[in-house]
Structure formats: C-alpha cells, structure tokens
Amino acid sequence: MIITTQNSADLAWEKMGGLLPAIIQHADTGAILMQGYMNKDALDKTLEIAQATFYSRSKQRLWTKGETSDNTLDVQKIYSDCDKDALLLVCRPNGPTCHLGTESCFAEQEFNQKHFLSLLEQVVKQRQFDKPEDSYTAQLLNQGTKRAAQKVGEEGVEVALAAATGDRDELLQECADLFYHTLVLLRDQDVDLSEVMAVLQQRHQ
C-alpha cells in the first residue's frame, strides 16, 4: 500500500521491534541506492518534510539523509510490502547516495539495462542545464527543435536501411543512435521518457 500520515500506524511496528527496513529506490532509473531503518518517528518526519529520514541504531537518534553532506533524498512515494513490515521509498537523490561518493551503497551491482535509458535521460537533462562547451548533446539542444528532429529522422532511415540490408552490427549501432537522439528531441520538447512509457503501458492493457 502507499504510505501516508493517515495509515502509517497500520504498519507492523510491533512485529519488527519498532523498526522497519527501508529500501531506497531511484525514482527515475529504478536503481537500488541504499537501505536503512525507520521507526515511526522517522517515518512521520519523512512524510512531513518529504526527505528520507532514518533511525540510527548506533547513535540512537533520527537522522535525515544529507544533513551533513547535503546529498539528500527527495521522497516521491512510499510503499509497504504485503506484510506491512518493510518499506520502499521512491526518491530522487541530490548527489551521490553512498558516503563513499558512489551513486549506490551497493557499488558492485550491475546496472540493469532496462533502466539505462532513464539514466541516459538524466545525463541529457544535465547537459541541457550545464551546457558544457565540449558536449555534443548540449550543442545539439542549442541548435533547436528543427535540428534535433532532423537527426531523429536521419537515424530512423539509417535503422531501416541497416535492417533491410541485413547488417546486424550496423543495425545495433543505428538503433543506439536513434534511441539517443530521440531522448534529445524529447528533452527539447520538455517531454519525460516516463510519459512515453505510460502510453506504451496503456496500450499494453
């Protein structure tokens, strides 16, 4: 269930000795970022300020992620599992989540390919904001809609030609180019990839 201030008391606090494991998931990529523990006060504060707050078992106090590093976790949604004894927090991180400076505390995890387009989308957004001089993405966005749309059209034709000629390696390369340039065009149009995925999900129903 989705957790709100109205139903947080319904969780299995007593079953778990007053603490529930809380898993942090990236709202855009789906990557698992960290795991902590929450008591009811920590959950209440999280719901109040919309930033992930945990209970430190070693320091015996509440702590909000990023209170010293500024690498906070902006909470989008909170779910409980079927037994109401574990929490999933869907968050947007501000900076690296791990205290070692990595995106995830699970540094050895392989990034799931199905989430990579979302990660690439975040990179494109950052290039649009930072505008580094040596960035092809920033240059393409600066050239405007007509150029971005033209690139999508060109790559679409090249994908079709590669498929028609049976060139598998070329097809892979051109599909990658098409996906990338489509993300750039979506950013130019201020459209999130999640909106496109929502259309696909609706069609699948």
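Hi everyone, let me start with a tyrosine: Y180 is buried, at a relative accessible area of 15%. Buried here means under 20% relative accessible area, exposed means over 50%, and partly exposed is in between, with a 1.4 Å probe and protein chains only.

A word on the source. This is a predicted model, where local features need pLDDT of at least 70, side-chain atom pairs count only at pLDDT 80 or more, and totals for chains, interfaces and linings use all residues. Residues are numbered from 1 along each chain as its sequence is written, and side-chain values use heavy atoms, leaving out hydrogens and water.

Back to the rings. Rings of Phe, Tyr and Trp (its six-membered ring) pair if their centres lie within 6.5 Å; planes under 30 degrees apart are stacked, over 60 edge-to-face, and the rest tilted. That rule gives 2 aromatic pairs. One is F54 with W63, tilted, with 5.2 Å centre to centre and 35° between the planes. F54 is buried at 1% relative accessible area, while W63 is partly exposed at 24%. The rings of Y136 and Y180 have centres 6.2 Å apart and planes at 35°, so this pair is tilted. Y136 sits in helix α3 (residues 136-142) and Y180 in helix α5 (residues 168-188), so the pair ties together parts 44 residues apart in sequence. Helices here are DSSP runs of H or I with at least four residues, strands are runs of E with at least two, and both are numbered from the N terminus.

Now for α4. Its buried residues are A148, K151, V152, E155, V159 and A162. Looking down the axis of α4, they fall within an arc of 100°, so they line one face of the helix; the arc is taken over the directions from the helix axis to the C-beta atoms. On the other side of α4, K146, L161 and A164 are exposed. What do the buried residues of α4 pack against? They pack against α3 and α5, with contact meaning heavy atoms within 4.5 Å.

Finally, the cores. A nonpolar core is a set of buried Ala, Val, Leu, Ile, Met, Phe, Trp, Tyr and Cys residues joined through side-chain atoms within 4.5 Å. The largest has 20 residues, and I24, M38, L43, L87 and L89 have the most contacts inside it. β1 (20-26), β2 (32-38), α1 (40-49), β5 (73-80) and β6 (87-93) each supply at least two residues of this core. A second, separate core of 9 residues includes L183, V184, L186 and L193.
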